[in-house]
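This briefing goes through selected local features, grouped by topic. The sequence and the structure come before the notes.

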Amino acid sequence: MSDIKSMLNPFGFLKKKIEKDPMEPKYIKPDGTKVIEQETPLGTTVYEICPDKTLMCMVYDKSNKLVLDYIRKANIEIGKTYDEYGKVMTEFNSLYDKGNVLAEKTLKEYEYYDNGEKSKETIVVLPGEIKTEIRYDEKGELTEKIEQRGSVKTFFNKDNKPYKREIDKGSGGIITENIE
């Protein structure tokens, strides 16, 4: 009989009674900030909703290490992700206009050497798709920087001075100019 009931209502197991609102604050800080904590199979998510409507979100893994933090206030949005050692892996900053339409976004990605020093940083700025790639040696010193704006790449030396420009003409090839 129970098999027939389960066939007639295969989603009956979803009728779980929710005992409390999952977005109910766990506590409220003296300044009025509401703190909400949610346990998930991957770890803990903490939301903070400030009186000025700023939203902060921090995600921790099962070992209580921060893996993501995020903040949104009016027309600004900022977020970072972290690896298991606490190093920033990605970062973004977004700016919205008065109509809440994305006006500018900066995306950053980082790579590291085994010694913990940054080896590479990639920055993309939208709109305009300006891409900058910065490489570092194992001591963390700048070795090369390449900035790309459309089909034009500009190469910078370790002193951050441009020394070469490449213009991709598509099927017309690449034109290289030395800059002094």
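How many bridges join strand β10 to strand β11, and do the two run parallel or antiparallel? In this predicted model, β10 (residues 130-136) and β11 (residues 142-149) are antiparallel and are joined by 7 bridges.

- A hairpin is formed by β10 and β11, with 5 residues between the strands.
- Gly140 sits in the turn of that hairpin and has a positive phi of about 90°.
- Arg149 has Val152 in β12 as its bridge partner.
- The hairpin made by β11 and β12 leaves 2 residues between the strands.
- In the turn between β11 and β12, Gly150 has a positive phi of about 65°.

**Glu111**

- Glu111 belongs to strand β8, which spans residues 102-112.
- Glu111 counts as partly exposed because its relative accessibility is 43%, a value between the limits of 20% for buried and 50% for exposed.
- Leaving out residues up to four places away in sequence, Glu111 touches Glu117, Lys118, Ser119 and Lys120.
- Tyr136 is 25 residues from Glu111 in sequence, and the C-alpha to C-alpha distance between the two is 9.9 Å.

**Nonpolar surface patch**

- Three residues, Ile76, Ile78 and Leu95, make up a nonpolar patch on the surface.
- Together, Ile76, Ile78 and Leu95 have about 220 Å² of accessible area.
- Ile78 is part of strand β6, which runs over residues 76-82.
- Ile78 has a relative accessibility of 32%, so this residue counts as partly exposed.

**Cysteines**

- A disulfide is a covalent bond between the sulfur atoms of two cysteines.
- Searching the whole structure gives 0 disulfides.
- Cys50 counts as buried because its relative accessibility is 14%, which is under the 20% limit.
- Cys57 has a relative accessible area of 10%, so Cys57 is buried.

Terms used
Residues numbered from 1 in each chain as written. Predicted model: local features only at pLDDT ≥ 70, side-chain atom pairs only at ≥ 80, totals over all residues. Heavy atoms only, no water. Patch = residues over 30% accessible without salt bridge, like charges linked within 9 Å, V, L, I, M, F, W, Y side chains within 5 Å. Areas by Shrake-Rupley, 256 points an atom, 1.4 Å probe, with all protein chains shown as cover. Salt bridge = Lys/Arg side-chain N within 4 Å of Asp/Glu carboxyl O. Helix = DSSP H or I, 4+ residues; strand = E, 2+ residues; numbered from the N terminus. Buried < 20%, exposed > 50% of the residue type's maximum accessible area, 1.4 Å probe, protein only. Disulfide = S-S within 2.5 Å. Contact = heavy atoms within 4.5 Å. Pairing = 2+ DSSP bridges.
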